[in-house]
Amino acid sequence: MRDLQAYRVKQKEPLSADILGLKILGMPPPSGGPPMILMLNILAQYEVPSGFLGPLGIHREIEALKHAFAVRMNLGDPDFVNITAVLSDMLSPKFAKELKKDINDSKTFGPNHYGGRWNQVQDHGTSHVSIIDQERNAVSMTSTINGYFGAGMLSPSTGIVLNNEMDDFSMPANVSKNVPPPAPANFIVPGKRPLSSMSPTIVLKDGKLKAVVGASGGALIIAGTAEVLLNHFVREMDPFRAVISPRVYHQLIPNVVNYENWTTVSGDHIELSADIRAALQKKGHVLEGLAGGTICQFIVQKFERYKNGVGKLVAVSDPRKGGFPAGF
């Protein structure tokens, strides 16, 4: 009870990284900003856009994800764990360049190859909203209760569903030889915040607001958010195509590529193409179809036609969940 009574909201500076000609503003630890930035930094080492096209581009995304998830489990709440060195690495293009050298375009490897020492945490129960107003103030906000109906309890005074976020901590446990141990940096301590995959992101270009993006989808958020950014800013897809294109996910452990294969509530069928799946399997990837995935909200400010430095807004609410953008 004392822990709950002492709980306070903490305001922290966002992460900032210059990648692919953009300034990426991301959520600091213990959230998902650092691994997403590391993934983008690794991929930024390839030639644009040729290094991102076709099955090879998808393979490189997966390999970058595996490296990012391996490093991610060294993170924890910076108020309780010294993560200065690992965070500096995750934001460093030099460190990303070294990891890129370890990516083999012809094959993939088991988890040990990527240096992952710890088991992953599985978070759930997320929701996201992206907002830009007429003055081009921007909000990217992800929230979570970590499971269906959270802790299964309502606040009697507010009606708010209470979360069961304690589940996002790593738990000390006896493990078998085939399963990595839990990560000590994410062990439970009173007042500590657990690791999260939430990756709300704001993108600037030449000092001006360019995009707002984020997603729901638990541990898949990091990949989903990064792929929407890559689709639009590197593969040059329009905002709708950038969101609707089939996504792939990897969390290092288990060593499985999950690819979208499902029919959405609107009746659209989303599935990674057969030729890309076959090419990935030839490189050694184990594939499993996933009837679900991340739900992304993406807003882009276009400057082709603008007045007084204010561009046209194009908003996409992911149709996977039957969403529509709203403007007024």
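The axes of helix α3 (residues 54-72) and helix α8 (residues 274-282) come within 9 Å and cross at roughly 55°. In this predicted model, axes are lines fitted to C-alpha atoms, for helices over the stretch in contact, with angles running from 0 to 180 degrees between N-to-C directions. Helices (H or I, at least four residues) and strands (E, at least two) are DSSP runs numbered from the N terminus. The two helices α3 and α8 are therefore oblique to each other; angles under 35 degrees count as roughly parallel, over 145 as roughly antiparallel, 65 to 115 as roughly perpendicular and the rest as oblique. Pro 55, Ile 58, His 59 and Ile 62 of α3 make the contact with Ile 276, Ala 279 and Leu 280 of α8, where contact means heavy atoms within 4.5 Å. By class, 6 nonpolar, 1 polar and no charged residues take part in the contact of α3 with α8. Ala, Val, Leu, Ile, Met, Phe, Trp, Tyr, Cys and Pro count as nonpolar, Asp, Glu, Lys and Arg as charged, and the others, Gly among them, as polar.

Helix α3 also packs with helix α6 (residues 221-233), their axes coming within 11 Å and crossing at roughly 140°. That angle makes α3 oblique to α6, and the crossing of α3 and α6 is right-handed. From α3, Glu 61, Leu 65, Phe 69 and Arg 72 meet Ile 222, Ala 223, Glu 227 and Leu 230 of α6. The contact of α3 with α6 has 5 nonpolar, no polar and 3 charged residues.

A further pair consists of helix α2 (residues 33-43) and helix α5 (residues 93-101), which pack at an angle of about 65° with axes 8 Å apart. Helix α2 passes α5 in a right-handed crossing. Leu 38, Asn 41 and Ile 42 of α2 touch Pro 93, Phe 95, Ala 96, Leu 99 and Lys 100 of α5. This contact of α2 with α5 comprises 6 nonpolar, 1 polar and 1 charged residues.

| Site | Value |
|---|---|
| Pro 29 and Pro 30, cis peptide bond | omega about 10° |
| Val 48 and Pro 49, cis peptide bond | omega about -5° |
| Asp 206, positive phi | phi near 55° |

Most residues other than glycine have a negative phi, and most peptide bonds are trans. Pro 30 is found in the loop between β2 and α2, while Pro 49 lies in the loop between α2 and α3. Asp 206 is placed in the loop between β5 (201-205) and β6 (208-216).

The whole structure contains 10 salt bridges, each a side-chain nitrogen of Lys or Arg within 4 Å of a carboxyl oxygen of Asp or Glu. One of them joins the side chains of Arg 320 and Glu 260 (2.8 Å, N to O). Arg 320 lies in the segment after β12 (310-317) and Glu 260 in strand β8 (residues 257-263), so the pair ties together parts that are 60 residues apart in sequence.

The protein chain has a mean pLDDT of 92, and 95% of its residues reach 70 or more; pLDDT is the predictor's confidence in each residue, from 0 to 100.

Residues are numbered from 1 along each chain as its sequence is written, and side-chain values use heavy atoms, leaving out hydrogens and water. For this predicted model, local features need pLDDT of at least 70 and side-chain atom pairs count only at pLDDT 80 or more, whereas totals for chains, interfaces and linings use all residues.

Notes:
Left-handed = near helix turned anticlockwise from the far one by under 90°.
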